[in-house]
Amino acid sequence: MRGAYREADAYAFPALRVAVCKNVSRMKTTRKLLVEREIREVEEGLRRAYVANDLPAYFNYFAADSTVMTPEGLVDHPSYLASWTNYVHCGNRVVSLEYSDMRVRVGPGENTAVASFGVRVQIQMADGGLTDERYLETDVWFRVASAWRLVHAQYVKRADSADRR
């Protein structure tokens, strides 16, 4: 009886291992898809706050030690906060911000994600002018205390970006 059990085990375990591996793989894929959906929702919330010119809501998405790479260079969170706050308080207003072709990559452990996409932004300037610019953007997100925080953003101006009208 003992020998028969071992012989059956030799056939059963490989099939069990395959079934378990497939199930684990499906679970990982499902978790990654859930994280991807969360990141898309967080990006949409960030976009809405930006278009509403709601500075507290916008900056609430950022980690306190975040960095931003703009066409002018790398800035830390306090510098970006001061610069953008001053820009908006001077009377400049975001009119629209559209995302296109967003791709989200989820890191191992599902606590990091990178979103890359095209951006078209229009800003009504304090002097009455309107900008219409296009960028390529990459956002790096970390899950911190169960909330997603933007830890790094990079904006690269596209060559086909329109000038100020």
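Visitor: How many bridges join S1 to S6, and do these strands run parallel or antiparallel?

Guide: Please keep in mind that this is a predicted model. S1 and S6 run parallel and are joined by four bridges. One place to look is Thr-67, which stands opposite His-152 in S6.

Visitor: In what sense do S1 and S2 pair?

Guide: S1, which covers residues 62–70, pairs with S2 in the antiparallel sense, over four bridges. Here Thr-70 faces Gly-73 of S2.

Visitor: In what order do the six strands lie in the sheet?

Guide: The sheet is open, its pairing is mixed, and its order is S2-S1-S6-S5-S4-S3. Strand S2 (73–76) and strand S3 (93–106) have a single partner strand each and therefore stand at the edges, with one side left without a neighbour in the sheet. On average, neighbouring strands are turned by 20 degrees against each other, direction ignored.

Visitor: Which helix packs on the sheet?

Guide: That is helix H3, residues 77–89, which touches S1, S2, S3, strand S4 (112–124) and strand S6 (147–157). The direction of H3 makes about 100 degrees with that of S2.

Visitor: What pattern does the protein chain follow along the sequence?

Guide: The pattern reads α-α-β-β-α-β-β-β-β, from three helices and six strands.

Visitor: How many residues lie between S5 and S6 in their hairpin?

Guide: Two residues lie between them, and Ala-145 in the turn has a positive phi of about 50 degrees. The pairing of S5 and S6 is antiparallel and extends over 10 bridges. Within it, Phe-142 has Arg-149 in S6 as its bridge partner.

Visitor: Which residues of the largest nonpolar core touch the most other members?

Guide: The general idea is that nonpolar side chains tend to be buried together in soluble globular proteins. In this case the largest nonpolar core has 32 residues, and Ile-39, Tyr-58, Phe-62, Tyr-80, Trp-84 and Val-121 touch the most other members. At least two core residues come from each of helix H1 (2–51), helix H2 (55–60), S1, H3, S3, S4, strand S5 (130–144) and S6. Across the protein chain, buried residues make up 33% of the 165 residues.

Visitor: What does Phe-62 touch, leaving aside residues up to four places away in sequence?

Guide: With those set aside, Phe-62 touches Leu-46, Val-68, His-77, Tyr-80, Arg-149 and Leu-150.

Visitor: Is Leu-46 buried or exposed?

Guide: A residue counts as buried when its relative accessible area is under 20%. Leu-46 has a value of 4%, and is therefore buried. Leu-46 belongs to helix H1. Beyond four places in sequence, the residues that Leu-46 touches include Tyr-58, Tyr-99 and Trp-141. Leu-46 and Tyr-58 are 12 residues apart in sequence, yet their C-alpha atoms are 5.8 Å apart in space.

Visitor: Where does Asn-92 lie, and which backbone atoms does its side chain reach?

Guide: Asn-92 is in the loop between H3 and S3. Its relative accessible area is 8%, so Asn-92 is buried. A polar atom of the Asn-92 side chain lies 2.9 Å from the backbone oxygen of Tyr-87. The side chain of Asn-92 also reaches the backbone nitrogen of Ala-126, at 2.9 Å. Not counting residues up to four places away in sequence, the contacts of Asn-92 include Asn-53, Ile-123 and Met-125.

Technical notes:
Residues numbered from 1 in each chain as written. Predicted model: local features only at pLDDT ≥ 70, side-chain atom pairs only at ≥ 80, totals over all residues. Heavy atoms only, no water. Pairing = 2+ DSSP bridges. Axes fitted to C-alpha atoms, helices over the stretch in contact; angles between N-to-C directions. Contact = heavy atoms within 4.5 Å. Buried < 20%, exposed > 50% of the residue type's maximum accessible area, 1.4 Å probe, protein only. Core = buried A, V, L, I, M, F, W, Y, C linked by side-chain atoms within 4.5 Å. Polar contact = N/O pair within 3.5 Å; in protein donor to acceptor, adjacent residues only side chain to side chain.
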